[in-house]
Amino acid sequence: MRATIRFLLGAHARELPDVDPTRTVLQYLREDEALCGTKEGCAEGDCGACTVTLAERDGRGGIRYRAVNSCIMFMPALDGRQLLAVEHLADDCGGLHPVQQAMVDHHASQCGFCTPGFVMSLATLYMAGDNPGRDDTADALAGNLCRCTGYRPILDAARAALAQPARSGDEATISLRARLDALDTDSETLAVEGAGRRYVAPRSLAELTAILTREPSALILGGGTDIGLWVTKQHRDLPLTVATERVAELRQVTDTDTHVTIGGAVTYADATARLAALHPAIGPLIRRIGSRQIRERGTIGGNLANASPIGDMPPLLLALDAVLILASADGLRRVPVTEFFRSYRTTALGPGEVLAAIEIPRPAAELRLGVYKVSKRFDQDISGVCAAFAVTLAEGRVQSARIAFGGIAATPARAHAAEAALNGAPWSAEGLRAAMDAIDDGFTPISDMRASAGYRKLVARNLLLKFHLENPADLADAIALRLDLAEGMRA
Ligand SMILES: Cc1cc2nc3c(=O)[nH]c(=O)nc-3n(C[C@H](O)[C@H](O)[C@H](O)COP(=O)(O)OP(=O)(O)OC[C@H]3O[C@@H](n4cnc5c(N)ncnc54)[C@H](O)[C@@H]3O)c2cc1C
Ligand code: FES
Ligand code: FES
């Protein structure tokens, strides 16, 4: 067991003993290293002022750069990685980084509070050697808020700086990899203790489940994008956290002809390409989960295990009939996602169990799939309602329908009554009306700051209509539905 955290801070190796495992990277930078360029705006992953870059070995001989929120990332996550803050961007003579220079040239900063965060988001893209288009750049900045400059000058600066991003030369990559290898963080389990709190990062599923059996009160820690806020906002004490991020079996994504299986510790960022390839409706949903910073750390396993009624992955996985693989010291068991959510924030996970993988059936070519997230803001917002529809038609009739919602019940839920109304019915305005009424009757949503109960119901039924409009049985159906709608509006 190794009790010290080893990482690179810029060019300098650090080895820290006795670290409080719930100390955030932002606290460390500002208070321990006096690197105060990184700012705290919200301490909950929302504003991006605390953005820093993590560089890690990518398993293919290269380096993977991730922009992350240092305000909700705990110190042990640095182990084996390089941490870059805004102070590390200047060259050896103090000259500005091209991204910083572009921000100056394009007048992209006023009060400057948000600027280090924007710079680090852009510098991460720059280091990765990507030359993203405007949409991708906007996506990379969706987790950075600026209250005074306005985003156009920032996007102009981004375009100028990223027109010729630096592709790290082979030599720089080899040298950084060698320095990360030299930290020797892979040969032993990391077990940190400080301020009366403990953290363990097991390396295998057997080791993880043995710890969970031995220490039933241990809290499983994924990317910490939910748990981070338990500390920074709720001031909860976490005496023992057990991280999934080094468990080799939980980090895999495997493809077969019939399924894609996502390990329980795989982040959104690492799963996006494989999930998006399953169906065109999936990529746009993932793009709207949190921000780039959140998706670099947050896991799909964590999104299911926290059982939030407004999580964005459950409706999709319910509509696709995914199966969850739960692991404990006694072995593995398979639980259909439909049986996973038991009641408000309660799941089928038993004591000593971890969500090991999510098995997602490949959608058949004829499956019509729609996923819709409705929130107050397009970017970086939690859903008021999230809906997923998976329908197969045969000769103009519904052969099978799976409909799932988040945000309108205590758990993410299938709309069984609406499905029953659709199954076997013509895929037409008339068949649809019965299903929409069944959605109305089947749920009693709550009113909260995101949406009123009435709004949620209306949105849920209208999303089914939207799905139908986007997926008519044929041209005649599309015309009939629009005429029916027009008549309804006149009435
Ligand atoms: C700014 C911000 C924006 C966000 N936006 C969205 C959004 O748009 N949509 C959305 O759905 N969510 C959003 N979230 C919530 C969060 O990012 C997601 O729920 C994320 O998927 C949680 O994953 P994690 O790995 O970070 O979980 P953690 O915080 O590590 O853990 C969350 C819970 O899951 C448990 N857990 C984690 N992994 C496992 C496992 N393998 N087995 C068993 N239990 C496990 C933990 O014990 C804990 O109870 C947002 C969060 C923030 C801070
Ligand atoms: S301080 Fe706002 S995202 Fe971290
Ligand atoms: S420059 Fe003031 S918040 Fe962005």
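**Group meeting: helix packing, domains and a ligand shell**

Let's start with one helix pair. In H2, Pro98, Val99, Ala102, Met103 and Asp105 meet Ala157, Ala160 and Ala161 of H5. To meet, or be in contact, two residues need C-beta atoms, placed from the backbone, within 7 Å. Helices here are DSSP runs of H or I with at least four residues, strands are runs of E with at least two, and both are numbered from the N terminus. By class, this H2 and H5 contact has seven nonpolar residues, no polar and one charged. Nonpolar covers Ala, Val, Leu, Ile, Met, Phe, Trp, Tyr, Cys and Pro; charged covers Asp, Glu, Lys and Arg; the others, Gly among them, are polar.

A word on the source. This is a predicted model, where local features need pLDDT of at least 70, side-chain atom pairs count only at pLDDT 80 or more, and totals for chains, interfaces and linings use all residues. Residues are numbered from 1 along each chain as its sequence is written, while chains are lettered from A and ligands numbered from 1 in the order in which they are written.

Back to the geometry. H2 spans residues 98–105 and H5 spans residues 151–162; their axes come within 8 Å and cross at roughly 140°. Axes are lines fitted to C-alpha atoms, for helices over the stretch in contact, and angles run from 0 to 180 degrees between N-to-C directions. That angle makes H2 oblique to H5. The scale is this: under 35 degrees is roughly parallel, over 145 roughly antiparallel, 65 to 115 roughly perpendicular, and the rest oblique. The crossing of H2 and H5 is right-handed. Right-handed means the near helix is turned clockwise from the far one by less than a right angle; anticlockwise is left-handed.

H2 has another partner. Its axis and that of H3 (residues 115–128) come within 9 Å, crossing at roughly 130°. So H2 is oblique to H3. From H2 come Pro98, Val99, Gln100 and Met103; from H3 come Thr115, Val119, Leu122, Ala123 and Tyr126. That contact counts seven nonpolar residues, two polar and no charged. H2 passes H3 in a right-handed crossing.

Now move along the chain. At what angle do H15 and H16 pack? About 155°, with axes 9 Å apart; H15 covers residues 429–442 and H16 covers residues 453–470. That makes the two roughly antiparallel. Their crossing is right-handed. On the H15 side sit Leu432, Ala435, Met436, Ile439 and Asp440, and they meet Lys457, Ala460, Arg461, Leu464, Leu465 and His468 in H16. By class, that is seven nonpolar, one polar and three charged.

Next, the domains. The chain divides into domain 1 (1–188), domain 2 (202–363) and domain 3 (367–491). Those bounds come from an automatic or database domain assignment. The centres of domain 1 and domain 2, taken over C-alpha atoms, are 25 Å apart.

Last, ligand 1. How many residues surround it? There are 33, and the closest are Gly222, Asp226, Gly302, Asn303 and Ala305. A residue counts as near a molecule if its C-beta atom, placed from the backbone, lies within 6 Å. Domain 1 and domain 2 each supply at least three residues of this shell. Elements giving at least two each are S8 (219–221), H8 (227–232), H11 (292–297), H12 (300–305) and S16 (354–361). H12 gives the most, with four residues. The shell's classes are 13 nonpolar, 15 polar and five charged.
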